[in-house]
Amino acid sequence: MSANTIRKAKKLVESGGVVKIEDDLFQIKSSSDPGKSYFVTSDTCECTGFKNFYKFHHGKGLKANCSHLEAIRIFKDKNSD
Ligand SMILES: [Zn+2]
């Protein structure tokens, strides 16, 4: 994963762009379009980057990632006691 993805993810968490809806469902603001948001679980995301990953790497056994999935990981880390 690129450093840029992690940086974006941290920014999303710090700016309050991550909202927990249910145990494994989060709403995350798009970093490119503030009027837009994505519903994200711990292993799926609605964003184009995530969908494209599977399009381009299908069948290689890789796990897709995007700044939103990473943001959830950071968010959970911060909010666990
Ligand atoms: Zn995403």
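Colleague: Of the 10 residues of helix H2 (residues 48-57), how many are buried?

Modeller: This is a predicted model: local features need pLDDT of at least 70, side-chain atom pairs count only at pLDDT 80 or more, and totals for chains, interfaces and linings use all residues. Residues are numbered from 1 along each chain as its sequence is written. A residue is buried if 20 or more other C-beta atoms lie within 10 Å of its own, exposed if 12 or fewer, and partly exposed in between, with C-beta atoms placed from the backbone. H2 lies largely in the open, because the number of its residues that are buried is one.

Colleague: Which residue with a positive phi follows H2?

Modeller: The phi in question is near 80°. The residue that follows H2 with this positive value is Gly-59.

Colleague: What pattern does the protein follow along the sequence?

Modeller: Helices (H or I, at least four residues) and strands (E, at least two) are DSSP runs, numbered from the N terminus. The protein has three helices and three strands. Read along the sequence, their pattern is α-β-β-β-α-α.

Colleague: What is the radius of gyration of the protein?

Modeller: The radius is taken over C-alpha atoms, and the globule rule is 2.2 Å times the number of residues to the power 0.38. For 81 residues the rule gives 12 Å. The protein's own value is close to that, so it is as compact as a globular protein of that length: 12 Å.

Colleague: What share of the 81 residues is buried?

Modeller: The C-alpha atoms fill a box of roughly 35 × 30 × 25 Å along the principal axes. Within the protein, the buried share of the 81 residues is 22%.

Colleague: Are H1 and H3 parallel or oblique to each other?

Modeller: Axes are lines fitted to C-alpha atoms, for helices over the stretch in contact, and angles run from 0 to 180 degrees between N-to-C directions. The axes of H1 (residues 3-14) and H3 (residues 67-79) come within 8 Å and cross at roughly 55°. Angles under 35 degrees count as roughly parallel, over 145 as roughly antiparallel, 65 to 115 as roughly perpendicular and the rest as oblique. H1 and H3 are therefore oblique.

Colleague: Is Phe-75 buried or partly exposed?

Modeller: Phe-75 lies in helix H3. It touches Val-13 and Val-18, not counting residues up to four places away in sequence. With 19 other C-beta atoms within 10 Å, Phe-75 is partly exposed.

Colleague: How many other C-beta atoms lie within 10 Å of Val-40?

Modeller: Val-40 sits in strand E3 (residues 37-40). Leaving out residues up to four places away in sequence, Val-40 touches Phe-26, Ile-28, Cys-45, His-68, Leu-69 and Ile-72. Val-40 is buried, and its number of other C-beta atoms within 10 Å is 23.

Colleague: Does Gly-17 count as buried or exposed?

Modeller: Gly-17 is in the loop between H1 and strand E1 (18-22). Not counting residues up to four places away in sequence, Gly-17 touches Leu-12, Ile-28 and Lys-29. It has 21 C-beta neighbours inside 10 Å, so Gly-17 counts as buried.

Key. Two residues are in contact if their C-beta atoms, placed from the backbone, lie within 7 Å.
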